[in-house]
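Please look over the sequence and the model, then read the points below by topic.

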Amino acid sequence: MSYSLGIDVGATFVAAAVARTTTVEMFALGDHAGVAPAVVWRGDGRGVATGVATRSQVTDRASRGVINRLGDPAPVLLGGEAYEATDLVSVLLRDVVHQVTKTQGKPPEQVVLSHPASWGPFRCALFGQAARKAGLARPIMVTEPEAVAARYARFRPWTDGDIVVVYDFGGATFNATVLSRHSGKVRILGEPERIDGLGGDVLDQAILAHVNRTTHGALDRLDKHCPQTTAALDSLLQACVQAKEALSSNAETTLPVVLPGKRFDVRLTRSDFDDLVRTSIEHTLSAVARALRSAQVQPDGLSAVLLAGGSSNIPLVAEMVSAEFSCPLIVDSQPEHVVAVGSATLAGQLAGHESPLHGGRHYRARSDDEQQSTAHTTTERAAAAAKTASATEQHGTQALISAISAQHTTGMIPRQRTTDLPAPQGASVRHVEVAAARAPARRGIANADVRAAQAAPESAATPPPPTQPAPPANCPPPAQQGEQSQGSRPGLLGFIDRARRPRVLAGTGVAAALAGSVLFALFAGPTNTPSPRSVAPVKPSPSAVANNGLEGAAPTVATTIRVGNSPSFVAASPDGKHVYIANGNDQSLTVVDTATNQVSATIPIAAGPPQFLTFAPDGRTLYVTVSNEQGTIHAIDVLDTASNAVIATIPQPGMPLRVAVSPDGQRLFVANHEVPSVSVIDAATNTVIGQVAVAPNPHWVTFSPDGTRAYTANHESNVVSVIDTATLHVLTTIPVGTSPHSIATNPHLPLVANVNYNAGSVSEIDTTTGKVSATIPVGEKPQDIAWAADGQLAYVVNNGSNTISVIDTTTNRVTKTIPTGTGPTSITVQPSGHQAYVSNLNNGTVTVLKLTTAG
């Protein structure tokens with residue numbers, strides 16, 4: 001019998017589902033809940049294999065989450081060899097297709113691949129290349145939320161005007177997307193929200209940290225280099241995962257903690273677990289709120305919230321989401337499967353089991369013949385992709401077709417941007433009655449035990465809970481990928497409104513990090529994947545950095561660079577190729593090439609001693625604050641980075657400290673230390689257009705990611721001011737520690753953190769509540785703070801201790817302290833997240849930190 005295939009490649013797992021004329025079912029990959037770990041590893045030879053790996057292979061030769069590396073120019077290092085991410089993704093796809101084809105006896109008639117809704121045409125093109133390398137000549141690619149909608153459409157009819165939000169909480173990422181149905185088609189509204197690094201792994205780490213606290217730091221005291229310690233932590237991590245799953249249906253559980261020479265039993269209640277993960281779930285709700293604002297949709301305008309991803313199994317997720325929205329919540333009994341099942345459903349439609357595909361944000365990968373006319377440079381592909389997307393947005397499908405015909409450069413052919421989503425016929429669902437309600441943190445909702453659902457009577461029209469459930473009668477149109485998929489079969493759907501909330505089995509974390517030691521996903525047992533494939537390594541560039549995909553890599557000192565006599569501040573260019581260092585005593589800037597970590601230029605600053613540096617978002621302009629101790633000089637030099645020449649000078653009313661540039665590059669906010677105020681400058685004209693009075697004395701400014709708020713650290717007032725950037729009014733002030741100095745916005749989470757110079761601490765501010773959520777002790781006289789590229793770690797410069805404190809945001813604890821030169825004053829992190837640079841004022845050097853670990 002012919003069949004079609006849907007494949008969901010996530011950051012932690014790979015899943016597949018098979019669609020036939022009358023059934024859609026999960027295909028069992030590997031031994032872990034029917035899915036395979038998204039791990040590629042280099043064997044003893046030169047081949048690359050997927051899935052099951054031994055500990056030595058994981059630690060030395062493996063990479064997880066390579067799907068997230070598509071589009072990254074740096075290769076992935078496996079056992080010292082460099083590989084293109086496209087090649088490694090193709091190995092994952094090839095092995096899935098091989099297993100399915102071997103079991104089914106012939107290749108699938110149609111394949112649908114899902115991917116994040118946040119991907120643009122360029123990354124989709126690279127995914128298409130990976131598919132072709134895997135032997136898939138013409139696969140269809142769809143977005144994760146559309147695949148979720150396709151799965152759920154069988155059980156909940158869609159009508160014109162319906163608007164839903166897809167809440168996809170996977171193993172390593174969170175995604176929120178708003179969908180609407182209009183004229184029989186489904187489309188994405190606004191910009192999807194994605195938080196990398198926030199998923200089941202983070203929740204597992206939270207339990208691990210709880211175990212460490214409960215045992216009074218027993219894990220911190222372990223010898224991290226001892227093999228017995230590594231094995232014990234692996235076992236403990238798996239116990240944490242099992243505890244998380246058990247608490248979805250039990251009120252409490254016990255974790256056996258077996259360490260070298262000692263054993264503990266740690267009791268964990270569901271209430272304890274809820275307290276550990278509540279903040280993470282709050283972050284997901286903030287992302288949903290941002291997605292709704294982008295879509296210009298009010299919460300009361302939603303028809304439903306669709307839950308997906310393994311972490312959505314956690315009862316508190318349903319409680320907190322329900323407390324935010326009055327519409328029904330809809331969840332599958334195995335939400336980790338819905339993306340793969342939805343993709344397979346759409347593949348079945350495309351193969352002719354249902355009406356042909358008419359819409360959706362879908363892409364057909366080009367054949368080899370079509371690829372011969374494709375441009376060969378990344379720049380050309382990216383430009384063509386952007387032109388194609390722009391033509392679609394402005395002029396519709398006909399312009400899109402014209403653009404593709406003219407360019408032939410994107411590596412894929414987009415179809416229409418909307419998706420046909422017919423209403424289901426004959427579908428029935430099980431309604432789960434609620435057990436006793438618990439007191440919630442937000443607006444109250446009730447829980448139900450899954451056992452009650454299993455015992456509840458079903459109508460004759462409701463199909464039994466099958467291993468292979470009946471497929472949708474009228475399936476929705478093609479959709480796209482989710483982050484997480486597990487298990488062997490899709491379960492029945494339950495409608496969950498504010499009075500109905502089933503408790504279902506929880507999630508899927510696979511890796512955790514603790515106190516600087518790296519814990520790796522370990523999947524034992526035989527594998528039925530083919531023998532390792534020979535993938536040609538690429539020659540690594542000087543800046544090639546490994547990405548193991550394994551969290552918790554501890555930063556280390558890579559080298560020290562001698563620069564000017566008084567390096568007081570360092571800033572990385574947006575492309576990551578250079579760092580600029582301000583040398584106040586020399587009245588100059590030093591430029592370092594980050595590929596070689598060598599000084600490449602020295603730029604004189606005639607106006608006076610340079611103090612602070614800030615790049616425009618496009619990297620073409622560098623703003624240099626200039627001031628002297630006598631207070632006779634206070635200005636901002638505007639530097640053209642192409643020529644390294646000063647092209648303008650902007651006078652300031654007082655000593656300018658750190659400048660912040662709005663995300664759109666149109667305005668500068670400047671902290672004037674002595675006035676005290678914040679100057680607002682028009683970047684196009686280099687003129688001051690306004691002043692915002694703040695508390696004394698502002699040292700630093702940072703913007704929220706959307707540019708609607710600016711935050712100033714006011715050194716003498718011990719507060720942070722929150723400014724509305726549209727009205728230029730101070731909305732509120734937030735008390736923090738003593739002498740707040742620098743302040744930084746987390747790139748992915750709703751957090752702002754500032755260092756408190758005289759308190760020796762960091763204040764972490766939750767921007768959703770406007771309150772300090774944590775105060776974290778660090779070294780002496782902390783002077784600067786920067787976030788890791790993924791937002792999971794913060795790096796604090798301790799001027800009085802000559803160290804860097806590394807803070808884990810999941811535990812709000814310092815996990816590592818790194819020595820620097822004497823008198824460290826500032827830190828900058830490359831946008832790629834590979835390296836960081838620390839200015840050492842007293843010994844004329846810059847310390848280079850390696851932030852990732854080679855595999």
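This is a predicted model: local features need pLDDT of at least 70, side-chain atom pairs count only at pLDDT 80 or more; totals for chains, interfaces and linings use all residues.

N597 lies in the loop between strand 30 (588–593) and strand 31 (598–604). Its phi is near 55°, a positive value in a residue other than glycine.

**Cis peptide bonds**

- V675 and P676 are joined by a cis peptide bond, with omega at about -15°.
- P676 sits in the loop between strand 37 (667–672) and strand 38 (677–682).
- P696 and N697 are also joined by a cis peptide bond; here omega is about -25°.
- N697 is placed in the loop between strand 39 (687–693) and strand 40.

**The second largest pocket**

- The volume of the second largest pocket is about 1,200 Å³.
- Its lining consists of 38 residues, and those nearest the centre are R658, T702, T745, T828 and V829.
- Strands give two or more residues to this lining, among them strand 28 (567–572), strand 36 (656–661), strand 40 (698–703), strand 44 (740–745) and strand 52 (824–829).
- Sorted by class, the lining holds 27 nonpolar, nine polar and two charged residues.

**Helix 5 with helix 6**

- Two packed helices are described by the angle between their axes and the distance between the axes.
- Helix 5 packs with helix 6 (residues 227–246) at an angle of about 110°, and their axes are 9 Å apart.
- Angles of 65 to 115 degrees count as roughly perpendicular, so helix 5 and helix 6 are roughly perpendicular to each other.
- The crossing of helix 5 and helix 6 is right-handed.
- On the helix 5 side, the contact is made by G200, L203, D204, I207, L208 and V211; on the helix 6 side, by L236, L237, C240, V241 and K244.
- The contact of helix 5 with helix 6 has eight nonpolar, one polar and two charged residues.

**Helix 5 with helix 7**

- Helix 5 (residues 200–214) also packs with helix 7 (residues 270–295), at an angle of about 135° and with the axes 10 Å apart.
- That angle makes helix 5 oblique to helix 7.
- The crossing of helix 5 and helix 7 is right-handed.
- In helix 5, the residues V202, L203, A206, I207, H210 and R213 meet F273, L276, V277 and S280 of helix 7.
- By class, the contact of helix 5 with helix 7 contains seven nonpolar, two polar and one charged residues.
- L203 and I207 of helix 5 take part in the contact with helix 6 and in the contact with helix 7.

Definitions and conventions. Residues are numbered from 1 along each chain as its sequence is written. Side-chain values use heavy atoms; hydrogens and water are left out. Axes are lines fitted to C-alpha atoms, for helices over the stretch in contact, and angles run from 0 to 180 degrees between N-to-C directions. Helices (H or I, at least four residues) and strands (E, at least two) are DSSP runs, numbered from the N terminus. Angles under 35 degrees count as roughly parallel, over 145 as roughly antiparallel, 65 to 115 as roughly perpendicular and the rest as oblique. A crossing is left-handed if the near helix is turned anticlockwise from the far one by less than a right angle, and right-handed if clockwise. Contact means heavy atoms within 4.5 Å. Ala, Val, Leu, Ile, Met, Phe, Trp, Tyr, Cys and Pro count as nonpolar, Asp, Glu, Lys and Arg as charged, and the others, Gly among them, as polar. On a 1 Å grid over the protein atoms alone, a cavity is a set of points where a 1.4 Å probe fits but cannot get out, and a pocket is an open set with protein on both sides within 12 Å along at least five of seven lines; lining residues have an atom within 4 Å of a point. Grid points are joined across faces, edges and corners, and a volume is the space filled by probe spheres set on the points.
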